[in-house]
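Please read the points below alongside the sequence and the coordinates.

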Amino acid sequence: FFFFFFFQAEDGIRDVERSRGLGDVYKRQLLLLKGTEKGNYKSEVATFASPAKIYNLPLSATFNIEQLTDTISALLSNNFTHVLAPHTSFYKDLIPRIAGKFDMQPLTDITAINGSDEFERQIYSGNAIAKVKSSERIKFITIRGYKFAEGRKSPSSSIDSIVTSMLEVSPGEAIMRSRGIVPADSSFAKIDRAKIVLCIGRGIKDKKTHEVLRELVDTLPSAALGATRGAVDNGFAEYQQQIGQSGKCLTSDVYIGVGVSGALQHLAGIVDVKTIVAINSDPEANIIKVFYSS
């Protein structure tokens, strides 16, 4: 098999190829997006299974997704059988575009790999797991990263043996033009990595209570403030804080839901949390019934 992995420097590398069915890889290539010419990423990559080559593609604040698609599509050859990337907002936009260039159907949000062409993904808001088999010549896949264990680091190749090439985004014509990127609140970015997540629901009806909860989060170690879709729609939180099927999926140690009713699309985002605490004046709230019974 020939594999092409996407990863971003700030996210580290998850050892996906160790999954059952993808262990016997004899050629790997990595694409480092948002990288720099300098850095310690080569030493990090060297601790995992040896790649054949690393492509480093720095992205400016005004990069164009269409031009980036053309650049990566030109890089991929017919020798690749699998192209993998994290299931993040960025790659949910990029991977289908690249797959379309090759007239291939992408597989998104994969939670398990059972073979070179067999995969698992959640359906019905996480209440069922579908086993799918792909007959596509090139399998374009986005994976739900936290479902795969961190790779065990061990010296597998020397840094000197890793070939690195710098790339530039092709200057081709594009319909869209990017005027820049507005950075989000840095505290939102750690919601899916926090050990403790306090979530506000539609039951929180005033901003004063919201501020009290934010102060509470600031006093807890490795904590973040999340929200349900209802709280976001009511203007009490930002979309980057949204937890659920249409937001972030959590694997935190503790989830504390305050005023959360427990809609199915929200519960799909917390099924992998170790401990769930629900604070609600309604003892019949769905979040209490579902998780108390289980």
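This is a predicted model: local features need pLDDT of at least 70, side-chain atom pairs count only at pLDDT 80 or more; totals for chains, interfaces and linings use all residues.

What is the order of the strands in the open sheet of 4 strands? The order is 11-10-12-13, and the pairing is parallel.

**The open sheet**

- Strand 11 (223-227) and strand 13 (275-279) form the edges, each pairing on one side only.
- On average, and with direction ignored, neighbouring strands of the sheet are turned by 20 degrees against each other.
- Within the sheet order 11-10-12-13, strand 10 (residues 196-200) is joined to strand 12 (residues 254-258) by 5 bridges in the parallel sense.
- In that pairing, Ile256 of strand 12 is the residue opposite Leu198.

- Strand 6 covers residues 118-123 and strand 7 covers residues 128-133; the two pair in the antiparallel sense, with 6 bridges.
- Gln122 has Ile129, in strand 7, as its bridge partner.
- There are 4 residues between the strands of this hairpin, and Tyr124 takes a positive phi near 50 degrees.

**Other positive phi values**

- Most residues other than glycine have a negative phi.
- Asp109, which is not a glycine, has a positive phi near 55 degrees.
- This residue, Asp109, belongs to strand 5 (residues 107-113).
- Asp109 counts as buried because its relative accessibility is 14%, and the cut-off for buried is under 20%.
- Ser222 is likewise not a glycine, and its phi is positive at about 50 degrees.
- Is Ser222 buried, partly exposed or exposed? Ser222 has a relative accessible area of 39%, so it is partly exposed, as that class lies between the cut-offs of 20% and 50%.

**Asn64**

- Asn64 sits in the loop that runs between strand 3 (53-57) and helix 2 (65-75).
- Why does Asn64 count as buried? Its relative accessibility is 7%, and buried means under 20%.
- Which separation do the C-alpha atoms of Asn64 and Val169 have? They are 8.4 Å apart, while the two residues are 105 residues apart along the chain.

Definitions and conventions: Residues are numbered from 1 along each chain as its sequence is written. Side-chain values use heavy atoms; hydrogens and water are left out. Two strands pair if DSSP finds at least two bridges between them. Axes are lines fitted to C-alpha atoms, for helices over the stretch in contact, and angles run from 0 to 180 degrees between N-to-C directions. Buried means under 20% relative accessible area, exposed over 50%, partly exposed in between (1.4 Å probe, protein chains only).
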